[in-house]
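Student: Hi! Could you walk me through this one while I have it open?
Tutor: Happy to, let's take a look together.
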Amino acid sequence: MTMPPETKPGTIIERYATFIPLYKVILHNDDVNSMEHVVKVLMQVFKFDRTTCENIMLEAHRSGMALCSVEPFEQAELHWDQLVSFSLTATIEKE
């Protein structure tokens, strides 16, 4: 027995996701925070592993900014607020 297309695994989520606007959370380099502080904050806020956080921090350090995540606005806004509360410089941009 086959399932109707609208109930196959992933189909409903994929349809729903096409209607949710996504936003980028971008970390900016600054001359205030230590590299270790930035890595620790990224680990705490995003729950990424240390290597991922180090790569994000280094990208921001070298290029001036780095993409942290792409997510719905409410989640992006929460993550932005958390980064700023730890004295990091971050922005949100629509994807």
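Tutor: Keep in mind that this is a predicted model.

Student: Which residues of helix 4 are buried?
Tutor: Those are Ala76, His79 and Leu83. Looking down the axis of helix 4, the buried residues fall within an arc of 65°, so they line one face of the helix.

Student: Why would residues three or four places apart point the same way?
Tutor: Because an α-helix has 3.6 residues a turn.

Student: OK, and what do the buried residues of helix 4 pack against?
Tutor: Their partners are strand 1 (22–28), helix 2 (35–46), strand 2 (65–72) and strand 3 (89–94).

Student: What follows helix 4?
Tutor: Ser87 does, and its phi is positive, near 70°.

Student: Switching to helix 3: how many residues does it have?
Tutor: Helix 3 covers residues 50–63, which makes 14 residues. From first C-alpha to last it reaches 20 Å, close to the 20 Å expected.

Student: And which residues are buried there, in helix 3?
Tutor: Cys53, Ile56, Met57 and Ala60. Seen down the axis of helix 3, they fall within an arc of 95°, so they line one face too. The buried residues of helix 3 pack against strand 1, helix 2 and strand 2.

Student: Now the surface. Which residues form a nonpolar patch?
Tutor: Leu22, Leu67 and Val70, with about 220 Å² of accessible area together.

Conventions
Residues are numbered from 1 along each chain as its sequence is written. This is a predicted model: local features need pLDDT of at least 70, side-chain atom pairs count only at pLDDT 80 or more; totals for chains, interfaces and linings use all residues. Side-chain values use heavy atoms; hydrogens and water are left out. Buried means under 20% relative accessible area, exposed over 50%, partly exposed in between (1.4 Å probe, protein chains only). Helices (H or I, at least four residues) and strands (E, at least two) are DSSP runs, numbered from the N terminus. The arc is that of the directions from the helix axis to the C-beta atoms. Contact means heavy atoms within 4.5 Å. Patches are made of residues with over 30% relative accessible area and no salt bridge: like charges are joined within 9 Å, nonpolar side chains (Val, Leu, Ile, Met, Phe, Trp, Tyr) within 5 Å. Accessible areas come from the Shrake-Rupley method with a 1.4 Å probe; for residues, only the protein chains shown count as cover. A salt bridge is a side-chain nitrogen of Lys or Arg within 4 Å of a carboxyl oxygen of Asp or Glu. The expected span of a helix is 1.5 Å times one less than its number of residues.
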